[in-house]
Amino acid sequence: MKKFIVETYYTCTFKTVHTLDNLNDQELSKIDTRDDGSVEVIDVKLNKRKTKKIGQKIDDKKEKDTLLSPSIAKEVLNPKNQNNLNNQNQLKIKNNARFKMPDRRKGYIQKAQIGDHKVYLHTGEYNDGKIGEIFIDTNKEGELVKAMMNNFAIAISLGLQYGVPLDEYVDAFIDTKFEPSGKVIGNDRILSASSILDYVFRELAISYLGKEELAHTPSIASSKEISGNNTDDKFLKIVKNITSKGFVRSNYEEKLVDLSDVRINLKSKN
């Protein structure tokens, strides 16, 4: 005759109720050390049930790891450690704070025409050149569509300011298909788009992420990487600080015009 052992694991949720004569800071600071509270069970849930033969060795290490030892359980349920857990939760919330845009910011405006519709893409950048907001304006849309596009741009901007990578938006909205679509006029890198969103995020990916594979025409500037170069002179650093990264598409050196040999005669003729 075979004998088996059935092990059942439960999760118990309970609360402790204390009665105070006076509600003040002094009484509340000592409440964690009091042992006169009444315990009330709120909920009991069945986690898992395990059956094994008597004498069978437990080889499942994962089952052991998922269970809390009594010493660890006491530390978790200790009221003194709840303050540490609350502090950790507050730190996590602070790490997810919004990085607001500066009041005076850089950016650029790109005008393009998709079919019979004109689209104006406005961008805003942080001081380090990262994109932090976008605005999308069209000319032939009704009030409902304009409101939807404006609120969509606000949602994207809030996501960027809360730390959502631009790559995620590019992967989500590239190749979306709806009207207007077709030939793009006015953009030197994008010749066609399957929708306004496809055009907008294709433009942002080229300008801010350097994804040349999404462009339809090759870049005129060289592909030399200068962002991590430590030999930049002071003039180039100044240009980077005051120039929109998206406007020049990170090609600062190629966009500069050398005027060192130009001489201007300011003498007036009598």
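Where pLDDT is low, the predicted coordinates should not be read in detail.

For the protein chain, the mean pLDDT is 76, and 71% of the residues reach 70 or more. Residues are numbered from 1 along each chain as its sequence is written, and side-chain values use heavy atoms, leaving out hydrogens and water. Local features need pLDDT of at least 70 and side-chain atom pairs count only at pLDDT 80 or more, whereas totals for chains, interfaces and linings use all residues.

## D198 in helix α7

D198 is placed in helix α7, residues 196–208, helices being DSSP runs of H or I with at least four residues, numbered from the N terminus. At 1% relative accessibility D198 counts as buried (under 20% relative accessible area, 1.4 Å probe, protein chains only).

A polar atom of the D198 side chain lies 3.1 Å from the backbone nitrogen of S194. Leaving aside residues up to four places away in sequence, D198 touches F173, I174, D175, T176 and A193.

## The largest nonpolar core

Among the 31 residues of the largest nonpolar core, those touching the most other members are I134, I136, Y199, V200, F201 and L204; such a core is a set of buried Ala, Val, Leu, Ile, Met, Phe, Trp, Tyr and Cys residues joined through side-chain atoms within 4.5 Å. Helix α7 supplies the largest share of this core, nine residues.

Conventions. Helix = DSSP H or I, 4+ residues; strand = E, 2+ residues; numbered from the N terminus. Buried < 20%, exposed > 50% of the residue type's maximum accessible area, 1.4 Å probe, protein only. Polar contact = N/O pair within 3.5 Å; in protein donor to acceptor, adjacent residues only side chain to side chain. Contact = heavy atoms within 4.5 Å. pLDDT = per-residue confidence, 0-100.
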